[in-house]
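Good morning, and thank you for coming. Please look at the structure on the screen, and I shall guide you through it.

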Amino acid sequence: MPLTEDEIVAALLKAPGWRRDGDEISRTYGIRYHGGVAMIVHVADVERLISHHADIDLRWGKVRFAITTHDVGNKLTTADFDLARRIDAIAEAHMAEPLDV
Ligand SMILES: C[C@H](O)[C@H](O)[C@H]1CNC2=NC(N)=NC(=O)C2=N1
């Protein structure tokens, strides 16, 4: 079920650091390239457990995670914000640095 606009606004308040662009949320972390690879593997393990997957963009020195729910026509759902919270925890464990972008 897609979230309503009010529900999205409330969910964003509980996901500081995540930016919203329409029906997608994203966050970029600074991390060395190989550390980014390790972090992505860790995120992918969790994604497999919860059946929800981010679009991941690894660059030199940074990695960006973008999340939306494809199954409901690329809209934001609670699953997106749940994954965002899990990615934040993994990022912290990998000492990735949240970036303002
Ligand atoms: C069957 C399976 O749960 C789905 O296809 C999942 C897999 N991962 C997914 N990830 C995301 N981000 N959106 C989805 O709609 C989605 N669907």
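In which loop is S51 found? S51 sits in the loop between α2 and β3. Residues are numbered from 1 along each chain as its sequence is written. The model is predicted: local features need pLDDT of at least 70, side-chain atom pairs count only at pLDDT 80 or more, and totals for chains, interfaces and linings use all residues.

Let me begin with the overall fold. The protein has three helices and five strands, and from the N terminus on they run α-β-β-α-β-β-α-β. Here helices (H or I, at least four residues) and strands (E, at least two) are DSSP runs, numbered from the N terminus. The radius of gyration is 13 Å, close to the 13 Å that the globule rule gives for 101 residues, so the protein is as compact as a globular protein of that length. That radius is taken over C-alpha atoms, and the rule is 2.2 Å times the number of residues to the power 0.38.

Buried residues make up 25% of the 101 residues. A residue is buried if 20 or more other C-beta atoms, placed from the backbone, lie within 10 Å of its own, exposed if 12 or fewer, and partly exposed in between.

I turn now to helix α2, residues 33–50. Which residues of α2 are buried? They are G36, M39 and V43. Seen down the helix axis, these buried residues fall within an arc of 65°, so they line one face of α2; the arc is that of the directions from the axis to the C-beta atoms. They pack against β3 (55–59), β4 (62–67) and α3 (78–93). The face turned away from the buried side carries the exposed residues H34, V41, D45, R48 and L49.

S51 counts as exposed because it has 8 C-beta neighbours inside 10 Å. N74, in the loop between β4 and α3, also has a positive phi, of about 60°, although N74 is not a glycine.

Finally, the ligand. Surrounding it are S51, H52, H53, I67, T69, H70 and D71, where a residue is near if its C-beta atom, placed from the backbone, lies within 6 Å.

Technical notes: Two residues are in contact if their C-beta atoms, placed from the backbone, lie within 7 Å.
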